[in-house]
Amino acid sequence: MATPSQWIAGARPRTLPAAVVPVAVGTGVAIGYEGAVWWRALLALFVALALQVGVNYANDYSDGVRGTDDERVGPMRLVGSGAASPRQVLIAAFGCFLAAAVAGLVLVVVTGAWWLLLVGAASIAAAWFYTGGRAPYGYRALGEISVFVFFGLVAVAGTTFVQLEYLPWPAVAAAVPAGLLACALLVVNNLRDIVTDGPSGKRTMAVVLGDSRTRVLYTLCLTLPLVIALLLALWHPFAALAVLTAPLALIPVKAVREGATGPALIATLQQTGRFQLLFGLLFAIGLAI
């Protein structure tokens, strides 16, 4: 049986900003339109966190049983390391998905927007089939697209909608930076694992693009949100507050552009999450003012 600290490590807490940021941004938009409902925002945050942890456990399970985690540079995996059995990790993953579904159902009921059930089902399916099933799309270079859609567009717009019960255009525009920053976490993670993913048959976008172009993609994912924040400032001037985080992007971008590999990219992943979190919080504050 894995220890509590190993289960926490397996949940990959450094990836959790991908769940926190879109909910913060969506809530910032709702506050700006004077329609924030805090308990709904907190419930949306719970849904996002449960899905993020669930997909991390699901990836741990699926990659572990396929053997793609047998030789790993990054953080410990529960199944690959033998700390937990595949069945235990699978139960943990589906427990998280069930918790997200129950919390999401509450939001569906209170808003009366029953079409959100389809969005929730698609989110859970996307979480599982990223590396699960017979033809996981994460092995077909589609992971970043899914992350952009579900941890960007869906999460930001959904958070705003469940509070306002309508969708103003800034929620969609603000979802783009959130989605790009979530993609940055996955890109740098896959860049780190590029040397082991290819031989194991895991064709991530990093494997398909190759090392140098993946580094360009990472740079774009970190810099374009700053540009979009400046553009949004034409309508919401305080959105430019997010640009104050630009110096925090310099260190990870510099490391990636100068060819950091392997364990060095673990620190870059942490720096990316820190930049994402602070950008998202300042961006949300700017949209709320």
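Me: What span should H2 have, and how far apart are its end C-alpha atoms?
Reply: The 16 residues of H2 (residues 17–32) should span 22 Å at 1.5 Å a residue, and the end C-alpha atoms are 22 Å apart, so the two agree. The expected span is 1.5 Å times one less than the number of residues, and helices are DSSP runs (H or I, at least four residues) numbered from the N terminus.

Me: What should I know about the model itself?
Reply: It's predicted, so local features need pLDDT of at least 70 and side-chain atom pairs 80 or more, while totals for chains, interfaces and linings use all residues. Numbering runs from 1 along each chain as its sequence is written, and side-chain values use heavy atoms, without hydrogens or water.

Me: How many residues of H2 are buried?
Reply: 13 of the 16, so H2 is largely enclosed by the rest of the structure. Buried means under 20% relative accessible area with a 1.4 Å probe, protein chains only.

Me: Switching to cysteines: how many disulfides?
Reply: 0, counting a disulfide as two cysteine sulfur atoms within 2.5 Å.

Me: Is Cys96 buried or exposed?
Reply: Buried, with a relative accessible area of 16%.

Note on methods
Helices (H or I, at least four residues) and strands (E, at least two) are DSSP runs, numbered from the N terminus. Buried means under 20% relative accessible area, exposed over 50%, partly exposed in between (1.4 Å probe, protein chains only).
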